[in-house]
Amino acid sequence: MFRDLSTVISGKNLRVPSWRIPAGIYVSINVDSRRRWKSAISVLSSDESVAWGDTVTLSLNASPALSVEIRASYELGQMLGGGEVVGELEMLWNELLDHGDHPFDLFFPAVRDVQPSITLKVVVVHAWDDQNGALFDSLVDCEIARDTDVGHAQLASYMKSENVPHLNDAMEHFQLVLNQCPVGHPDRATALTNLASVRLRGYIQNDVEDIDTTTSLFCDALALRPQHHPDHPLSLYNLTEALAWRHSRKGTAGDIREAAQLYHELLPLCREGTYLRSIAAGENSVDYVIGGCNNLPTDASDEGIHLRRVVLELCPLGHRLRPRTIDKLAQAVEARFDQHGSIDDLDTSIQHGREAVSLCPEGHADRDSYLNNLAFSLVSRFKHQGNTNDLNDAISLYEQALHLRPVGHKSRHYSLDNLGNALINLFSKRGNIDDMTRAINLYREALTLRPPGHPHRDTTLNNLALALKTRHDKSQVSEDLNEAIDLYRESLRLRRLDHPQRHRNLFNLSSALCSRFTQAQKNEDVEEAIALCQESLAALSSLHPDRFFSYVWLQEAYLSRYQILHDPADLSLAVENFRLASRHSTQGFPARIITASNWTVAAEQHGHGSALEAYSTFFELLDAHLATWSSATSRREAAAAFHYARTLPADAASCAIRCDNLPHAVELVEQGRGQQWSLASRLRTPVEALESANPALAHNYLELSKLVSSAAQSSATITDSAAADQAAMEYRRITRQWEAAVAEIHDLPAFSRFLLPPLYADLQAAARQGPVIILIASEYSCSAVIVATSGDPHHVPLSSVTLADLTNLKDRFARAIREASQMTPKQSRTDLIVLSRIIWNEIMLPIVNVLRHDLKLKYCRIWLCPTAAFTSIPLHAAHPFRTNPDGSREQCLEDLYICSYTPTLSALVRSRQTMKKRVTPSFVTIGQGQPGAGKGKALLAVDSELELVHKLVPATAKHTNISGDAATRAGALEALQQNTWVHLACHGKQDPKQPYNSHFVMRDEDLTLLDIMERDIPHAEFAFLSACHTAVGDEETPDEVIHLAAGLQFSGFKSVIGTLWQVDDSVAQHVVKAFYENMFKDLKDGGAMDCTKAAWALNRATHAVKTTVPLEQRMVFVHIGV
């Protein structure tokens, strides 16, 4: 028997009359009233086409005619009914056979202006009778299937004719079906969806009023089609469509939020190229939802920010709505920072803001807004962290935004206001009155653009008042202050009670009233100021960052009243608010550090017992702040920003001394000084004891320390702002892990103070080989504290010396050294002699008396640890330059003791700890007498100095020489790492502005202090730096002791000889020769090279060359370390 074999190949222009999105399309060939053939259900492509490739075998003995239908199925799973008819054709067998075995198209009546078609191919084959009908489905004929199909047909009719009775019939039939599909029925989800779909079509056409029931039906259907159900994606889409329509009519924010969440789940489930994907990802679907979410008010809650992140994921790179979406996320995260003070939020906001700006090149309509928003976040970070680069970048961005908003632009007032705010911050940073004048002018222009009745007039009034108050603080013009108070009052009057920024008006007005009270002493001003601050506190949650300002101004009010009325209760209240403000953890470190500094001043000024607490708080905050900066240079710049507080280490020690607490004085001066080295050395702390107690924890700590160090070094070279932000975030992430590891170590019984500021008992280890003398220069008192090998410290008052005297002495010494450098060797150094005598009489003689008479110490080693102004005075050169009655010369300091210096006691302790592991000594001489062009004059004596050293170094030591073209930066660094003893002769340059750029001049590039610090050379022992300015710090942070000699000590060299000023290389050879002769004179008998002899050898050398080397060239060399 012949059979007809048909292949259904594909279809195109397949639109659904009802406008619903089908789950798929299939072809049905009806042979008779009982049987039909169905193709597979194939998903519709985005171009409204389908590919099948299904084959059907039809009997030639059947009816001479057959019916071919294209149908839309709304279920990929179990179908209910036959779906919706897209097209139907009645045709004869002969019409199929006429095409032979070539593919041909069948065209169907037009649907929504396009004509659907399918492509078939027919061949005739032989087959057996008993296969007849084997590939056919029996037509299902049940009531719910019939009602469902009628419902589909009626809906299609309604959409074509807009005849409401058709809509009602469709709803009635679908409702009947639902009534017959109770809970648990396998077709209930389909029935719910069909009824909801017809109701939604009616709602869209304004023929159905109730959208809530429709939405509930879709929700119920989705619940019955969970993840992995084949119809889950379509159910998700149906619900999003209903929510979007309800939002468009009712504006319900919850609908658009829920729709966004559903799209976030839906889009990954929609394969690219499918019709569902093209509709769901289109302008009227997900883009509508994105736009709706972007129009929502800023929500700083975790839920609100999560929604913004979800919406952003709906906008991949290249999406037209991505710039606005990421900007909205940036604003939400910034708002959360404003409420909780997390720097991570601020960094994230800036990161997103930068992307928004990058996506909107010049000419983009929204570029001005994104520039403005990014700048706003940068100003916030500047206030929180104090990085001037952020403020400079913000001002540049604000200027660009203002340029894009010329006179007449609807948003110009925003830019005027924001730029004014940035300029106030710039004025506070650098004190240029021009910045403040411009800020005030900008605010006045903004105020004209925000006349009475404008919703933002209160903001500009507040900002203008702030500018005037700030200018008054600088110039003390009372008119500015009075106008500021009036403007603050008007702004406060305009702000409703529930305004989120009203608390700022309250404490700003309070600050102005407090200032007026100080001038006019009207009690009502200070009373109101206190009440306003208390009201602002009541409006804020306990951890809100702005509580800090309320505390600050409340402290100011109480302190002002105390200064006028002298009520001790006011001083106590002021101190309590100092305490609360400085410890308010959600405010940035810079503001809290300033508050702690002001607290120390107030406590000292008024003799309050909290002074020591204030100093400790300051050091803790500064240490924590500096730890957030990844590179050494950025840490130093951050510390230099608090230049007004550079005397605090000495002041704190002075305070402890005045409180008769000498051990605490030692602890405070140690905590406050050398913080740069302390922070850097944390990552190199020996952990032998920890490895014995808990090897796993020690390993984790060491690995994290390496990661932190690596992150710090990599971030130091980054210049791009966005990349720098990313590096800073990564550094903080790793640092938190490192801090968590340290906290875990603290839980071990014997390690509770691991890396914490050392106690006196720990610091006393520095005096194991001889006393350490800390010289304290404070405006409150100048004195010395001697840390002896055992027992309590000894206090030596320097009652005849003031801080001003020391500053004068320092300046006179610098001048005398300059003048001496111009003299011939034979000329008398009268000024230096006079100054050395002052050092002896006023400073060192009282100390020597305690050493000799109280401690009974004679000709032994001592270590000098100077602070503040003492750091610039050559204390080791103290000399009476007098003769005794018997005609003998009176002994000087270096006759009595062998002097060394140490930057901090901890540095000396660290050097001693690493002395435990000794290796076979190797000696390298590095010399560069012919630096590159522009790097200084030739040093003609360098080669002869290297040759001299070579002759004096014991033959038992492996000796290497690097000079001339080989003395490059890389060559010198390698030599430092590979040798235990180093003699370096070249130009040395101290950079007074950025001491980490201080360097040794090599043939090609400079060998900088940073280069040296980045090397960890634990086996290094001794370095002789025969170069200029290698042991002198900078003016801005003298107590940090940042110089080349200290850098070598930090990198691992236990004993270093450096210089305080310029060295005459030809004269220096005499000192070098005498030094090494003394250093190695006992080695002929087989002794070992010992770096701890360096101080003694230098002492002997300077005595030996008295007749050949001028005084200033003998003073120039100092010993640092063990």
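Me: How many helices and strands are there in the protein?
Reply: This is a predicted model, in which local features need pLDDT of at least 70, side-chain atom pairs count only at pLDDT 80 or more, and totals for chains, interfaces and linings use all residues. Residues are numbered from 1 along each chain as its sequence is written, and side-chain values use heavy atoms, leaving out hydrogens and water. Taking DSSP runs numbered from the N terminus (helices H or I, at least four residues; strands E, at least two), the protein has 43 helices and 23 strands.

Me: What radius of gyration does the protein have?
Reply: The C-alpha trace spans about 145 × 80 × 55 Å along its principal axes. For a compact globule of 1122 residues the radius would be near 32 Å (over C-alpha atoms, by the rule 2.2 Å times the number of residues to the power 0.38). The protein has 42 Å.

Me: Are H15 and H16 roughly parallel or antiparallel to each other?
Reply: The axes of H15 (residues 412-430) and H16 (residues 433-449) come within 8 Å and cross at roughly 160°. Axes are lines fitted to C-alpha atoms over the stretch in contact, with angles from 0 to 180 degrees between N-to-C directions; under 35 degrees counts as roughly parallel, over 145 as roughly antiparallel, 65 to 115 as roughly perpendicular and the rest as oblique. H15 and H16 are therefore roughly antiparallel.

Me: How do the residues of the contact of H15 with H16 divide?
Reply: Contact means heavy atoms within 4.5 Å. Among the residues making it are Leu 416, Leu 423 and Phe 427 of H15, and Ile 433, Leu 442 and Leu 449 of H16. With Ala, Val, Leu, Ile, Met, Phe, Trp, Tyr, Cys and Pro as nonpolar, Asp, Glu, Lys and Arg as charged, and the others, Gly among them, as polar, the contact divides into 13 nonpolar, 3 polar and 6 charged.

Me: Which residues in H23 does H21 meet?
Reply: The axes of H21 (residues 547-565) and H23 (residues 589-606) come within 12 Å and cross at roughly 15°. That makes H21 roughly parallel to H23. From H21, Phe 548, Val 552, Leu 559, Tyr 562 and Gln 563 meet Ala 591, Arg 592, Thr 595, Ala 602, Gln 605 and His 606.

Me: Does His 584 count as buried or exposed?
Reply: His 584 lies in the loop between H22 (568-582) and H23. Not counting residues up to four places away in sequence, His 584 touches residues including Phe 548 and Arg 592. Buried means under 20% relative accessible area, exposed over 50%, partly exposed in between (1.4 Å probe, protein chains only). At 5% relative accessibility, His 584 counts as buried.
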